[in-house]
Amino acid sequence: MAEAKGLGRVARRLARPFRGPEKPLTVTDRLDRWARRIAEFGVLDRAYLEAQTGRTFDSDAEAIAFYVHNDGQRGLSLHPLIEHEWMREHQPVPAMSWYDALHQEGPELFQTGPLFDAGVYAASVPEADRPASTLDALRDFLRNATDATTLPVPPGRRGHAPTWGAARDAAVSAARAFADAQHRTRRRYRATWDGPDVTEALARYPRGVARRDAEQPLVSVVMPVYRRADVVGAAIASVRAQQHANWELLVVDDGSGDETADVVRRIAADEPRVRLVERENGGAGAARNTGLAAVRGDFVAFLDADNTWRPEHLSAALAGLLETDGPGVHTGVRMIGANNADDSTAPAETYRGEDGTLDDLLAGNFIDLNALVVRRDVAAAAGPFDETLRRWIDWEWLLRIGKRSGVPAYVPVIGVDYDNIRDPRRLSSAQPASWQEVALARHRIDWDALADAVPARDAELVSVVVPVFRDWTMTRRAVDAVLHAADHEGDRVEVVLIDNGSPRSVSAVLGAWFGDEPRVLLQREDRNRNFGLGSDLGLARSTGGTVVMLNNDTEVTTGWLRPLVAALDDPTVLGAQPLLVYPDGVVQAAGTVFGGDKVLPWHFLGDHPRYDASRALAGAGTDAARLGAAGGRRFWAITAAAAAFRAVDLIRWHGFDPVFANGLEDVDLCLRALAASPDGSAFAVVPSSVVVHHESRTPGRDDARVDNRRVFDERWRGRYPAADAAGHYEAAGLRWLGVEPGLPKGHAVMVRSSRPIVVRDWAGAAGAAGVSGAVGASGAAGAAGLRIAVKHDGTRVADVSALVTALEADGHSVQVDLPTSWYRGSSGLDDVTVLVAGGSGTGVPSFVPQPGARNVVWLAAGQVVADGDFAEVVSADAGAERVVRAL
């Protein structure tokens with residue numbers, strides 16, 4: 001047999017030159033090859049894939065072909081026990097695709113998902129029958145398992161291991177919910193019109209057509225206009241051209257101050273059905289309300305001054321509306337423009353129009369106000385447009401109609417030509433997209449009902465609210481840390497996870513991992529609601545008397561919770577924050593400080609050594625900002641990356657304002673809370689509570705930074721808290737001199753970023769030392785000690801430990817910096833750097849000596865450095881005491 005195979009290889013090699021060049025594989029060829037390989041695995045759960053996609057497949061081959069051609073965009077899974085992202089963290093070669101990892105059939109037995117550990121399963125099988133690979137283990141389990149079989153879950157999963165039947169049912173149910181959400185949030189624009197022609201469409205409403213023609217109802221059309229003299233005439237002309245002639249048009253000029261009102265006035269002189277109503281500028285919502293107050297018809301329609309109607313719009317809409325006597329209808333829209341894309345120079349033509357439910361409407365607006373015709377009593381029941389909204393005013397009003405009277409039906413006739421070219425005169429062009437969340441929040445959270453339910457909350461329970469977006473890995477670690485700390489301390493907690501419209505895998509993994517942990521609640525949103533509304537939704541779902549807001553990229557430490565809750569026993573403390581540190585031990589935030597009006601607040605002691613925070617937050621001293629003997633300080637604001645509040649207070653303040661998109665919503669909350677609280681109220685930072693903040697860079701996290709600054713400054717300008725930075729830095733032995741301003745972000749944002757300028761408080765140090773200068777030419781600092789940074793790379797742990805002990809015994813302040821913090825922002829305050837890195841026989845890691853500091857290197861055996869690179873070189877055979885003397 002071996003000889004025959006060898007002859008075959010020789011024959012193929014000899015024939016190769018006569019076949020010509022081999023055709024390169026296309027992407028499709030490769031995908032088809034993967035599909036055949038995956039089919040051989042025998043691990044497809046077709047019903048599960050169908051549940052995710054909302055499709056039905058005629059065969060396994062068709063299902064797998066769809067999967068391989070769509071997985072990259074949709075993040076699908078072929079089986080409830082296979083999660084590709086989970087596998088990537090556990091398979092021997094992380095860079096390998098999941099199917100290649102299974103195809104290798106190597107001896108390593110790894111986890112294929114949060115519910116299946118091949119090693120655990122293999123250990124439960126008699127040795128003679130034990131599977132030799134992960135794929136074999138998975139196949140063997142699926143061959144032999146029944147619905148009642150307990151799953152071989154990975155170690156560390158909380159709760160009891162579920163049965164295969166229960167786990168599969170839960171996975172299929174979650175997959176269907178995901179598919180439903182995908183449908184609700186689908187793109188609602190079409191490249192071509194796929195509806196019937198007008199005659200065919202109207203044939204669907206014979207009763208409505210007859211009633212329309214017999215009754216000839218009056219339709220009141222409301223048209224707000226602001227400085228659109230160039231286009232308002234065309235909009236009015238499209239109303240005058242309507243096939244249904246019984247209408248009145250109220251053009252509400254919103255204080256244009258240009259020729260707009262004159263254009264309308266000239267048209268009204270020849271057309272008695274047109275009325276001009278003039279008012280002071282108040283925005284589109286106010287203008288529409290003015291028009292609504294003056295309407296006389298039984299039906300109400302709306303048209304913006306930069307759009308036009310087709311002649312059949314009102315005629316078709318009335319036919320559809322009178323056919324069923326529903327609350328209202330909307331027609332199709334032809335959109336001319338870039339569909340809100342950034343490039344307005346390449347116009348596109350798309351179409352919009354469809355039926356939908358209230359859930360669809362809550363997921364996103366699919367009814368254009370220009371296409372809407374509603375009954376006058378329905379409009380009155382919905383109430384006026386919300387004049388406090390600056391964007392998505394029409395969607396919020398439509399949601400009220402949908403909840404009170406029903407969602408308007410769709411009449412499949414193109415009724416509106418919509419000018420979608422970006423125009424700076426439009427309200428939507430100048431306001432942040434986060435107003436969508438503001439509008440939605442009014443219909444997702446009932447603050448009055450939450451306030452009424454406060455007495456029913458569990459006063460001894462702490463609810464930890466964690467918004468999640470696109471990252472299950474850090475979220476799992478964060479939640480596991482909270483539960484571990486609670487188990488260790490005996491604390492009663494619940495964790496509310498709000499998945500902000502992440503890809504399918506996020507909720508699938510978190511749901512499987514925590515599915516049998518009753519303290520964890522998982523709620524998936526259709527779209528990304530950002531930190532503010534996501535946190536508010538978590539608050540609404542919570543049941544504890546204390547609520548902790550926690551970022552999903554944090555990791556709490558043992559003993560973190562009780563000091564925060566205890567701080568709230570003081571009625572003047574409105575909220576409490578732990579000391580937030582980076583994984584390398586450097587401070588991330590020890591409070592929030594202010595530098596005066598037009599100076600954006602910043603994290604106190606951000607990027608500083610831990611000892612600065614320990615000094616500032618110590619319990620000793622008479623500083624009025626200190627909390628007391630237990631330590632901590634009072635601040636005007638804290639960060640919500642980790643912060644505890646009384647639930648009753650958060651509800652009273654109406655939570656975070658969703659207009660802020662992932663930035664400054666916590667500071668805004670604190671300032672609103674202070675404004676609504678008695679004098680003497682403040683927020684606290686509690687040093688005995690420590691939380692590690694990994695501070696991930698979630699995609700899109702900073703997209704709205706400029707808008708956030710503008711909104712914050714517009715709201716609080718002239719009312720920023722008094723500058724408190726100087727006192728806080730003084731408590732840390734530092735002096736705040738002011739801020740270094742950043743560059744402006746355009747003239748539409750009248751506030752600039754800034755960076756605090758902080759120096760050593762030499763006068764204070766000299767007074768403590770009893771000398772004229774804190775540090776003289778020789779480097780001596782007297783009793784005040786030196787600020788010393790030990791640059792460490794994880795090697796020579798014993799040397800570093802001995803050196804730190806010796807330095808602290810000599811009265812110095814010591815920070816051990818790992819490579820991630822070798823060049824931290826506060827390093828300019830250090831007096832001395834000591835490089836202790838690299839093992840015997842290795843080169844010295846490339847730390848560039850710090851300007852303005854005395855730079856020392858303590859060599860390991862076999863290490864050398866160039867002359868002059870460091871002020872002092874301590875040999876390998878010297879001890880820690882020799883390094884201390886070198887300072």
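1. A word on accessibility before anything else: buried means under 20% relative accessible area, exposed means over 50%, and partly exposed is what falls in between (1.4 Å probe, protein chains only).

2. Some ground rules. This is a predicted model, so to speak, where local features need pLDDT of at least 70 and side-chain atom pairs count only at pLDDT 80 or more, while totals for chains, interfaces and linings use all residues. Residues are numbered from 1 along each chain as its sequence is written, and side-chain values use heavy atoms, with hydrogens and water left out.

3. On confidence: pLDDT is the predictor's confidence in each residue, from 0 to 100. The chain averages 90, and 90% of the residues score at least 70. The stretch to treat separately is 765-783, where pLDDT stays under 50. For those residues the model has 21 contacts beyond four places in sequence, a contact being heavy atoms within 4.5 Å.

4. Next, the sheet. Helices (H or I, at least four residues) and strands (E, at least two) are DSSP runs, numbered from the N terminus, and two strands pair if DSSP finds at least two bridges between them. Five strands make an open, parallel sheet in the order 27-26-28-29-30. Strand 27 (813-817) and strand 30 (872-874) sit at the edges, each pairing on one side only. From one strand to the next the twist averages 20°; axes here are lines fitted to C-alpha atoms, for helices over the stretch in contact, and angles run from 0 to 180 degrees between N-to-C directions.

5. Helix 31 (residues 797-809) packs on this sheet and touches strand 26, strand 27, strand 28 (832-836) and strand 29 (854-858). The direction of helix 31 makes about 175° with that of strand 26.

6. Which strand is joined to strand 26 (residues 787-792) by five bridges? That is strand 27, running parallel to strand 26. Val790 has Val816 of strand 27 as its bridge partner. The side chains of Asp817 and Lys791 also meet, in a salt bridge of 2.8 Å, N to O; the term covers a side-chain nitrogen of Lys or Arg within 4 Å of a carboxyl oxygen of Asp or Glu. Asp817 is in strand 27 and Lys791 in strand 26, 26 residues apart. Asp817 counts as buried at 0% relative accessibility, and Lys791 counts as buried at 0% too.

7. The structure holds 62 salt bridges. In one of them, Arg334 and Glu349 bring their closest N and O atoms to 2.7 Å. Arg334 lies in strand 8 (residues 328-337) and Glu349 in strand 9 (residues 348-352), so the pair ties together parts that are 15 residues apart in sequence. Is Arg334 buried or partly exposed? Arg334 counts as buried, at 18%, whereas Glu349, at 39%, counts as partly exposed.

8. Back to Arg492, whose salt bridge partner is Asp458, with the closest N and O atoms 2.6 Å apart. Asp458 belongs to strand 12 (residues 458-468), and Arg492 to the loop between helix 21 (472-489) and strand 13 (493-500). Asp458 counts as partly exposed, at 25% relative accessibility.

9. Finally, the core. A nonpolar core is a set of buried Ala, Val, Leu, Ile, Met, Phe, Trp, Tyr and Cys residues joined through side-chain atoms within 4.5 Å. The largest has 95 residues, of which Trp397, Leu605, Phe645, Phe712 and Tyr729 touch the most other members. Not counting residues up to four places away in sequence, Phe645 touches residues including Val547, Met549, Leu568, Trp653 and Phe683.
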